[in-house]
Amino acid sequence: MSRPMFKLFYPASGGAKCVEGMSKSIRLARYGCTNRPFYHIVVIHTRMRRNDQPIEQLGTFDPLPNEYQEKLVSLNIERIRYWLGTSDIHITSPVRELFGLAGLFPIYHRTYMNAWRNRNKAEAEIEKQKRISFFHLPYTWGL
């Protein structure tokens, strides 16, 4: 049997068959170009690969900040609540973190850890800049 010369494209909104009894997960499917990721938040069978045809697309996530330093997320809250009400649903950690920031779940513990690390890193950078500026004062004593 010969392989097709083109790859099959699926609609972004999903369209795979939802089989009862198979476990499903809400996870990120990576799209976009090299060095420019863009994610779809999808419901897909757990054993399927990352970019296989999803059952349904629930939202999008753009992890790179725009000119206003915002990371854009769009969620279909109504459909997310529907899928959370079904049994046999698994939610991956990155999606759980996004849902926590959106207010659907309690804030994920990794979010607190990332904020703590970023704050400590910023404080260390400020302290480093203070030390550098203190030792590099302009020489004005001879005037």
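Predicted model: local features only at pLDDT ≥ 70, side-chain atom pairs only at ≥ 80, totals over all residues.
**Aromatic pairs**

I started with a search of the whole structure for aromatic pairs, and it gave three. My criterion: rings of Phe, Tyr and Trp (its six-membered ring) pair if their centres lie within 6.5 Å, with planes under 30 degrees apart called stacked, over 60 edge-to-face and the rest tilted. Residues are numbered from 1 along each chain as its sequence is written, and side-chain values use heavy atoms, with hydrogens and water left out.

One of the pairs is Tyr39 with Phe61, which is stacked at 6.2 Å centre to centre and 25° between the planes. Tyr39 sits in strand β2 (residues 36-45) and Phe61 in strand β3 (residues 56-62), so this pair ties together parts that are 22 residues apart in sequence.

Phe61 counts as buried because its relative accessibility is 13%, and the cut-offs are under 20% relative accessible area for buried, over 50% for exposed and partly exposed in between (1.4 Å probe, protein chains only).

Another pair is Phe99 with Phe105, edge-to-face, with 5.9 Å between centres and 65° between planes. Phe99 and Phe105 are both buried.

Next I asked myself: how many residues of β3 are buried? Seven of its seven, so I wrote β3 down as mostly covered.

Then the pairing, where two strands pair if DSSP finds at least two bridges between them. β2 and β3 run antiparallel and are joined by five bridges.

**Thr60**

I looked at Thr60 in β3. Thr60 is buried, with a relative accessible area of 18%. Which residue is the bridge partner of Thr60 in β4? I found Ser74. The side chains of Thr60 and Ser74 are also joined by a polar contact of 2.7 Å. By polar contact I mean a pair of N or O atoms within 3.5 Å; within protein, one must be able to donate a hydrogen and the other to accept it, and residues adjacent in sequence count only if both atoms are side-chain atoms.

Leaving out residues up to four places away in sequence, Thr60 touches Phe38, Tyr39, His40, Ile41, Leu72, Val73 and Ser74. Contact here means heavy atoms within 4.5 Å.

**Leu58**

Beyond four places in sequence, I noted its contacts, among them Ile26, Ile41, Val43, Ser74, Ile80 and Trp83. I also checked Arg27, 31 residues from Leu58 along the chain: their C-alpha atoms are separated by 9.7 Å.

**Whole chain**

Last, the overall tally. I count three helices and five strands in the protein chain, running β-β-β-β-α-β-α-α from the N terminus on. Of its 143 residues, 27% count as buried. Among contacts with a separation of 6 or more, 39% come from residues 24 or more positions apart.

Notes:
Helix = DSSP H or I, 4+ residues; strand = E, 2+ residues; numbered from the N terminus.
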